[in-house]
Amino acid sequence: MKNIKLKINNKTRELAVRDSELLIEMLRDRLGLLGTKYSCLEGDCGVCTVLLDGKNVLSCLILAADADGHEVTTIEGIAQKGVLHPLQESFVKNGAIQCGFCTPGMILAAKALLDKDPSPTDGEIASGLDGNLCRCTGYIKIIDAVRQASQRLKDGK
Amino acid sequence: MENRTTSPVGKSVPRVDARKKATGEAVYAFDLNMPGMLVGKMLRSPHPHAKILSIDTSKAQNLEGVAAVITAEDTFKIKFGSNEFFFPNTVDQMALESEKVRYIGDEIAAVAAVDEETAQKALSLISVKYEVLPAVFDAVSAMKPGAPQIHNAMNNIGVMMPVQFGDADKALKASDYIREDVFVLQSAAHCALEPHVSLGRYEVSGGRVTLWTSTQAPFKVREALAKVLKMAETDIRVVKLDVGGGFGGKLEMFPMDFAACLLSKKSGGLPVKIYCTRHEEFSFTRRKHPMIYKLKSGVKRDGTLMAITGEVIADGGAYCSYGPTVIAAAIMRIFMVYKITNIRIMGFRVYTNNPICGAIRGFGGVQSGFAFESHMDMLARGIGMDPVEFRLKNATDPDMTTINKLILSSNGLKDCIKKAAEASGWKNKYAKAKDGSKNTVKGIGMAVAADVMGSKMYKAHESAGSIIKVEEDGSVYLFTGAADTGQGSDTAMAQIAAQELGIAYERVRVKAADTEITPFDTGSFASRVTFISGNATKNAAADAKRQILEVVACELKLEKDELDIRDEQVVKKQDGSVIISFDRAIQLCYSFNYGHLIIGRGSYNPKTTPIDFRTGEGNVSGSYGFEAQVAEVEVNKKTGQVKVLKMYDVHDIGYPINPASVHGQIEGSIIMGIGYTLYEDLKFSEGRVVNPSFSKYRIPRATDTIPIESIFIETNDPQGPFGAKGMGEASLLPTAAAIANAVYDAIGVQIKDLPITPQKVLKALKEKEAV
């Protein structure tokens, strides 16, 4: 076991984690943050994407202990006081959500992209989401949603 | 209520479940955790074909932390299957096999333990003695005399299905041009991102069980569980939560569903969760039938399609699953698109010792779409006819009865073809001279398809039911058996209910797919939900509306037949003049004198006729959907790489309940279709899947997506709810042929073997040069 201290969705947490505990296990099993989905556990599909210090990472490939001292953001952490993040709002409005299983990871990967580059081209959006698989939408409405959200964020609305 | 969307049908309202999915609050089966919950695991056969001599579970049972171990000895050894009503011979699988295993992955035991590590260890402690039998891994070999016998089926043929009308031989003789082609199609995986999960909890005192499972068909799961567990259907509650995609892969009861229930019972009622790893998803759930199509057809010089003959051989794997439905789709969909009167095709589904094939978006329609639509293009070219003209000449019409007695009422196929040609600029692009000096060449290709709205092959009826409950404050519950797995049926049902009831979409809360509280529904498959469950919901809403209007008419001394509810007001039908508000009407219903609880109910069973499986005659669906697709590709002659540049999809959807959802289905289908056409290929070695991960089995990624122009043809189907048709499968059916035909247009070679890999393109180009 190891004692770690980290920020999760803007709250400081102190936890004792197993040496082999994955970040996804800590988030889901210990903290009940079930929006981080669980699918391949091999780093291939992207549904467990979270933000580590603002960068999108796969929580199935990171040990919880290695998040010590860092800042983790999950899908539960991006809406502010019940108001959806512009990306969430845009995914809802643009029909970018079908089964929804890829959605949390997709939105977080898109957030990491827009935080770094507020005006990506469609090609850059696709590249930014390339590690996040979706079997339902064909990605078209997802790319639409990210493009529209980037516009809204720039307009400060 | 702030946002009010009245008359929501035809509007792209946000989905009812979109917000909870965007915030991570949606609950999928794996997200359910319960006190005392155990982890269950399945013991699977390591052999493709073997006799089970003995199973010793004593060591596993004695391991600390193990709560229960089950084998076939704990079961009634009852077989289950998916096409039992019409094909009792295809009921061939047991929840746990006891005598023989037939593929690598066949379930023979299951354990429940306190954690995953213990469960895994318990599996390794179960000792099974096998006598390994000779195995067979391809359908053609399996049909030969002397091949290993997998079931008690002659030549391992599990399903044999003909279609036969007219005199095909005579019509071939009367043809001006005849050609024979062989098409080969590979296996593929569904790749729903949510793996299969089953969580069972047995209630010891009541002798009842609840199963939370990732399913497209909770009532079908319940039916199979009731059969194999010998329990009443009311003692089994199957609950569908949010489901992370299905695509046909979650359409049956799986041994893990059964095991989760029985392990919980044997553990004294502790809940048991079993889930598939991604490796298990790829290797042991269901997959697409690989098929071989041998077709020989003839046409007149004027383009008249004279005769189609042929044979389809499908590798079905170890058990039958939805085999009959798949074969029916593989050989019968042709009648919906072409006016063919002389036809003879024999379909065979053959047992092998490969993993089980089953339903996957389109059943056998994807295979059929590639083979027939490539073949049709080649027939057209053979007589020097433009493939668009050829299709227009032979396409089916509205209000016609086909030779096999399909009743096509609304039919926009010809409009789809014309519009697709127009939108894609076909005339200026097709069969144009190519610049021979360039490595990359562009091409254009078309294919058409049709789709059923349900297929009555699973039970005597294909009904769905809905209940509408209007509460005292005017908010509305809709209980529907329809299973939303991401396609958006909860939203479509809410829109239909609100439209019929004349109220705002936002008033409706949907409670769906829980066998204990919602009406029956056969499930989400065969593009049936909007059409069938939609009609049931419309009927329920109409019933609720009638009850409300009766109260209003009685109180205000008006004729109820003269009243309607529109835009949240009770109005006079004739002039639309407002009588009272919907809210006031509900207050009246629940007032001192009336106290009338508004509970509307509706069901719907499509008007069909039984199929005669000796000929293929029968009207399988209540209505039919149609479409034409055009692919524009670029082929690199040096590398063999095929790049799809753009797809056009023109679709007779009847009327779109939710246009954004309909476009979403079309876009998703096409991108899935491009994956199957160009690279998806589930590969096997001696019955073992060799690429069971997303890193080895590539599916389309965000960077693989392409521009899609999706156009609707609105035919307002007379039987569809508000004119709507189902369309969840159709757009996947023509994609492969449209691309293959475009590749031909680019480089003059027809690839008849999917996927169209660079190696196959280069080989075909080389062979062409050699000629």
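**Figure legends: chain A and the domains of chain B**

**View 1. Helices and strands of chain A.** Chain A of this predicted model contains five helices and five strands. Read from the N terminus, the elements follow the order β-β-α-β-β-β-α-α-α-α.

**View 2. Overall dimensions of chain A.** The C-alpha trace of chain A extends over about 45 × 30 × 25 Å along its principal axes.

**View 3. Burial and contacts within chain A.** Of the 157 residues in chain A, 56% are buried. When contacts between residues at least 6 apart in sequence are considered, 60% of them join residues at least 24 apart.

**View 4. Domains of chain B.** The domain assignment divides chain B into domain 1 (18-27 + 463-604), domain 2 (32-133 + 193-245 + 250-284) and domain 3 (291-456 + 610-770). Between the C-alpha centres of domain 1 of chain B and domain 2 of chain B the distance is 38 Å.

**View 5. Contact between domain 1 and domain 2 of chain B.** Here 16 residues of domain 1 of chain B are in contact with 19 residues of domain 2 of chain B. On the domain 1 side of this contact, the residues comprise six nonpolar, seven polar and three charged ones.

Notes
Residues numbered from 1 in each chain as written. Chains lettered and ligands numbered in written order. Predicted model: local features only at pLDDT ≥ 70, side-chain atom pairs only at ≥ 80, totals over all residues. Helix = DSSP H or I, 4+ residues; strand = E, 2+ residues; numbered from the N terminus. Buried ≥ 20, exposed ≤ 12 C-beta atoms within 10 Å, placed from the backbone. Contact = placed C-beta atoms within 7 Å. Domains from an automatic or database assignment. Nonpolar A, V, L, I, M, F, W, Y, C, P; charged D, E, K, R; others polar.
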